[in-house]
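I opened my notebook to look up a few things in this protein chain. Here are my entries, in the order I made them.

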Amino acid sequence: MYTRGAFSRFKEQFKLSFSFMVYHTSDQHVLQLVHIGDDTLQSWGSKEFKVQVDLTEQDLSCGCKLFEHLGIICSHIIRVSLNIKQFS
């Protein structure tokens, strides 16, 4: 359960998730996300992220490590989760 502040951060991540395109990589367990608009990211921020996908363990892990640092699911994992059937 999130506090109001944490839920607000989650909502920001959810909205941001729609500004990424997802691409397959040569590794079937890794997806690459590329930001398709520059209006929502800081100029110093990264525009590409890799998400590791393990469907047998139902585990997703992102290189940004937002969940590990703040306990909030990042926009990259949200984006992959919303379309997981396309990538399996």
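Predicted model: local features only at pLDDT ≥ 70, side-chain atom pairs only at ≥ 80, totals over all residues.

Entry 1: Which residues of α1 are buried? I found A6, Q13, L16 and S17 on that list. I took buried to mean under 20% relative accessible area, exposed over 50%, and partly exposed in between, with a 1.4 Å probe and protein chains only.

Residues are numbered from 1 along each chain as its sequence is written, and side-chain values use heavy atoms, with hydrogens and water left out.

**Entry 2: the overall layout.** I counted four helices and four strands in the protein chain. Helices (H or I, at least four residues) and strands (E, at least two) are DSSP runs, numbered from the N terminus. Read from the N terminus on, the order is α-β-β-β-β-α-α-α. Of the 88 residues in the protein chain, 32% are buried.

**Entry 3: back to α1.** I looked up the length of α1: its 14 residues reach 20 Å from the first C-alpha to the last, close to the 20 Å expected at 1.5 Å a residue. The expected span is 1.5 Å times one less than the number of residues. What do the buried residues of α1 pack against? I found β1 (20-24), β2 (30-35), α2 (66-70) and α3 (75-82) as their partners. On the face turned away from the buried side, I saw the exposed residues R4, E12 and K15.

Entry 4: E12 counts as exposed, because its relative accessibility is 51%. I also checked E12 against C74: they are 62 residues apart along the chain, and their C-alpha atoms are separated by 9.4 Å. Is S17 buried or exposed? S17 counts as buried, because its relative accessibility is 0%. Leaving out residues up to four places away in sequence, S17 touches S75, I78, R79 and L82, where contact means heavy atoms within 4.5 Å.

**Entry 5: helix α3.** I listed S75, H76, I77, I78, R79 and V80 as buried in α3. Six of the eight residues of α3 are buried, so this helix is largely enclosed by the rest of the structure.

**Entry 6: two loop residues.** Most residues other than glycine have a negative phi. I then looked at Q58, whose phi is near 55°, a positive value. Q58 lies in the loop between β3 (48-54) and β4 (59-62), and is exposed, with a relative accessible area of 75%. K65 also has a positive phi, near 60°. I placed K65 in the loop between β4 and α2, and noted that K65 is partly exposed, at 34% relative accessible area.

**Entry 7: Y2.** My last stop was Y2, in the segment before α1 (4-17). Y2 is partly exposed, with a relative accessible area of 33%.
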